[in-house]
Amino acid sequence: MCFRQYSIRGLITSTTLIIITLFVTNVQGDGSVEEGRKKARACQVCHGEGGKSKNPTYPRLAGQHAKYIIKQLKAFKSGTRKDPIMNGMAATLSLDDMEDVAAFFQSNGSDNIAER
Ligand code: HEC
């Protein structure tokens with residue numbers, strides 16, 4: 001009886017851990033920071049190194065939520081958001097690329113405030 005209770009508890013604990021792991025992975029999104037670092041080279045010419053733009057013409061992307069970046073890139077690509085530069089830039093990106101560059105820029109947020 002005692003042993004049985006122990007295994008059920010163990011089962012519940014491991015199931016909980018698996019669910020938490022899946023949840024955390026999901027929250028972080030599907031994009032790869034490392035892939036994004038490579039794919040975002042061209043973007044940083046305008047948006048600053050790591051997305052930390054100091055020029056008000058170019059929005060800061062560092063620390064921006066990946067979901068928002070992806071949403072804007074989709075809008076630029078479809079043309080619902082219009083900007084002569086970004087419509088062209090986004091046209092070259094697949095959904096995979098968008099997820100990767102978004103993950104990269106989101107990951108650069110920790111020192112945002114100190115740098116302003
Ligand atoms: C030649 C300069 C230039 C390059 C290169 C460039 N951008 Fe932009 N980007 C801009 C400008 C200018 C805006 C502001 C557009 C506006 O006013 O709507 C912008 C806006 C954005 C926004 C919207 C930001 C917000 O806060 O709404 C995102 C996201 C973005 N760019 C991502 C990228 C990515 C990803 C790349 C590389 C694939 C890239 N940009 C390359 C100039 C550039």
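Which residues are the closest to the ligand? I looked these up first: C43, C46, P59, Q72 and D83. They belong to a set of 19 residues that surround the ligand. I note that the model is a predicted one.

**Entry: the shell by class and by helix**

I sorted the shell by residue class. I found 15 nonpolar residues, three polar and one charged.

**Entry: the whole chain**

I stepped back to the fold. The protein chain has seven helices and zero strands. Along the sequence I read the pattern as α-α-α-α-α-α-α. The chain has 116 residues, and 23% of them count as buried. I then checked the range of the contacts. Among contacts with a separation of 6 or more, 65% join residues 24 or more positions apart.

**Entry: α4 against α6**

How does α4 pack with α6, at what angle and with what distance between axes? I noted an angle of about 140° and axes 8 Å apart, with α6 taken as residues 95-106. The crossing of α4 past α6 is right-handed.

I listed the residues on both sides. From α4 come A66, I69, I70, L73 and K74. From α6 come M98, E99, A102, A103, F105 and Q106. By class, I have eight nonpolar residues in this contact, one polar and two charged.

**Entry: G48**

I picked G48 next. Where is G48 placed? I found G48 in the loop between α3 and α4.

Is G48 buried, exposed or partly exposed? I counted 19 other C-beta atoms within 10 Å of G48. A buried residue needs 20 or more and an exposed one has 12 or fewer, so G48 is partly exposed.

I set aside the neighbours of G48 within four places in sequence. The contacts of G48 are then S53, K54 and Y58. I also looked up the spacing to P59, which is among the closest residues to the ligand. G48 and P59 are eleven residues apart in sequence. From C-alpha to C-alpha, G48 and P59 lie 9.1 Å apart.

Definitions and conventions: Residues are numbered from 1 along each chain as its sequence is written. This is a predicted model: local features need pLDDT of at least 70, side-chain atom pairs count only at pLDDT 80 or more; totals for chains, interfaces and linings use all residues. A residue is near a molecule or strand if its C-beta atom, placed from the backbone, lies within 6 Å of it. Ala, Val, Leu, Ile, Met, Phe, Trp, Tyr, Cys and Pro count as nonpolar, Asp, Glu, Lys and Arg as charged, and the others, Gly among them, as polar. Axes are lines fitted to C-alpha atoms, for helices over the stretch in contact, and angles run from 0 to 180 degrees between N-to-C directions. Helices (H or I, at least four residues) and strands (E, at least two) are DSSP runs, numbered from the N terminus. A crossing is left-handed if the near helix is turned anticlockwise from the far one by less than a right angle, and right-handed if clockwise. Two residues are in contact if their C-beta atoms, placed from the backbone, lie within 7 Å.
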